[in-house]
Amino acid sequence: MRFGTKVIHAGLHADPATGAIMTPIYQTSTYKQIAPNEHKGYAYARTSNPTRTALQDNIAALENANYGIAFASGMAAIDAVSRLLKPGDEIIANSDLYGGTYRLLVNCLAPYGIKMHFIPINEASDVKPYLNDQTKLLWIETPSNPLLSIIDIKSIADLLKDHEAYLAVDNTFATPFLQNPLDLGADIVVHSATKYLGGHSDVIIGVVAVNDESIKDRLTFLQKSAGAVPGPMDCFLTLRGIKTLVVRMQRHCENATHIAHFLDNHPKVNKVFWPGLSTHPNHHIAAKQMKNFGGMLSFTLHNDTLEAAIKLMANTEIFSLAESLGGVESLIGHPASMTHAAIPTNERQKIGVLDSLIRLSIGIEDYNDLIEDLSQALDKL
Ligand SMILES: *Cc1c(COP(=O)(O)O)cnc(C)c1O
């Protein structure tokens with residue numbers, strides 16, 4: 001099955017009871033047993049639920065994985081992956097990272113005796129000096145949030161071949177339509193399915209995809225033991241969103257192309273961060289490992305002040321000032337004070353999240369309206 005068919009059919013079956021085409025929302029906490037512990041594969045809904053099973057099977061197919069495991073949020077998924085580690089282990093992660101992931105690793109995991117190295121990563125050679133026998137997890141985000149940095153996934157997977165460390169990729173920005181990290185040698189793929197997979201800003205949910213059976217067993221064990229599971233309605237909404245992933249992503253990418261070039265040529269804009277621009281330092285890597293360049297973009301102003309950024313955001317009309325991303329509607333945000341506020345100011349500036357940095361989640365509206373909106377807001381500066 002090709003990707004455009006998988007999003008609509010993979011892992012899904014007409015309901016055996018009624019023939020319903022859409023996966024039913026099995027809104028139940030428990031299931032009638034035939035005899036003690038003799039049942040139809042479902043005993044209690046924290047452990048398993050048919051709507052969740054359908055979503056997990058669908059996600060596995062999209063990432064060319066053997067297994068999918070769904071969680072109550074992207075952070076719950078990342079938390080489960082982080083619990084593969086034990087005291088004394090070390091993590092290497094790219095410093096340009098989703099703020100919530102940084103917070104989880106530093107404030108929730110480090111106190112248990114796990115050491116973190118946050119470093120700028122482009123390719124394997126950046127990781128090598130930090131790699132040792134304690135390294136158990138390489139955590140990378142590509143494209144990264146909010147600077148749209150690109151990391152060469154395959155070069156890092158190759159480096160780890162002789163090490164006992166997992167390579168985990170947060171694939172939220174790319175989506176499985178644009179990039180499949182497991183095919184490039186990664187061990188674990190994580191999505192905040194809240195974003196492009198759900199696609200309609202109406203659900204909080206996370207998923208993990210893996211090939212290795214022992215990692216799947218451990219994550220499934222954590223899923224039922226810690227209990228951060230998504231409800232059946234959330235799984236249904238995510239499955240429904242995924243059906244249009246291909247057409248949405250095509251439009252997100254097309255719109256982003258127009259807007260990136262518009263901003264790149266605008267006199268008030270300093271730098272545009274979008275991997276599709278030939279001036280992006282790792283454009284060639286993005287072109288190699290992604291099908292297209294995605295709908296997320298950020299930029300700085302020549303007037304690099306908080307005031308200018310706030311004024312611009314106050315004046316957009318179609319772009320709503322909001323956290324999150326990946327929905328059909330366009331959003332504008334200010335990483336320094338919003339998504340990345342959990343990172344201390346000096347750390348933040350060191351990694352390039354400047355005061356005037358503005359992040360756009362480009363929706364699927366008519367791009368002419370989006371450009372006119374940004375244009376009038378920039379004119380008011
Ligand atoms: C939003 C986001 C997360 C966290 O996901 P939630 O569903 O909000 O818990 C993790 N990684 C990235 C890249 C994100 O954008």
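Reader: How many salt bridges does the rule find across the interface of domain 1 and domain 2?

Author: The rule finds 1 salt bridge across that interface. The model is predicted, so local features need pLDDT of at least 70 and side-chain atom pairs count only at pLDDT 80 or more, while totals for chains, interfaces and linings use all residues. Residues are numbered from 1 along each chain as its sequence is written, and side-chain values use heavy atoms, with hydrogens and water left out.

Reader: Why is the meeting of the K288 and D152 side chains called a salt bridge?

Author: The term requires a side-chain nitrogen of Lys or Arg within 4 Å of a carboxyl oxygen of Asp or Glu. The N to O distance for K288 and D152 is 3.0 Å, and therefore the pair meets the rule.

Reader: What makes domain 1 and domain 2 separate units in this description?

Author: An automatic or database domain assignment sets the bounds, giving 3-242 for domain 1 and 245-379 for domain 2. Their centres, taken over C-alpha atoms, are 26 Å apart. Contact, meaning heavy atoms within 4.5 Å, takes 41 residues from domain 1 and 42 residues from domain 2.

Reader: What is the area buried between domain 1 and domain 2?

Author: Buried area is the accessible area (1.4 Å probe) that two parts lose on being put together, summed over both. Here the value is about 3300 Å², and carbon and sulfur atoms give 64% of that area. F177, L178 and Y196 supply 24% of what domain 1 buries against domain 2, more than any other three residues.
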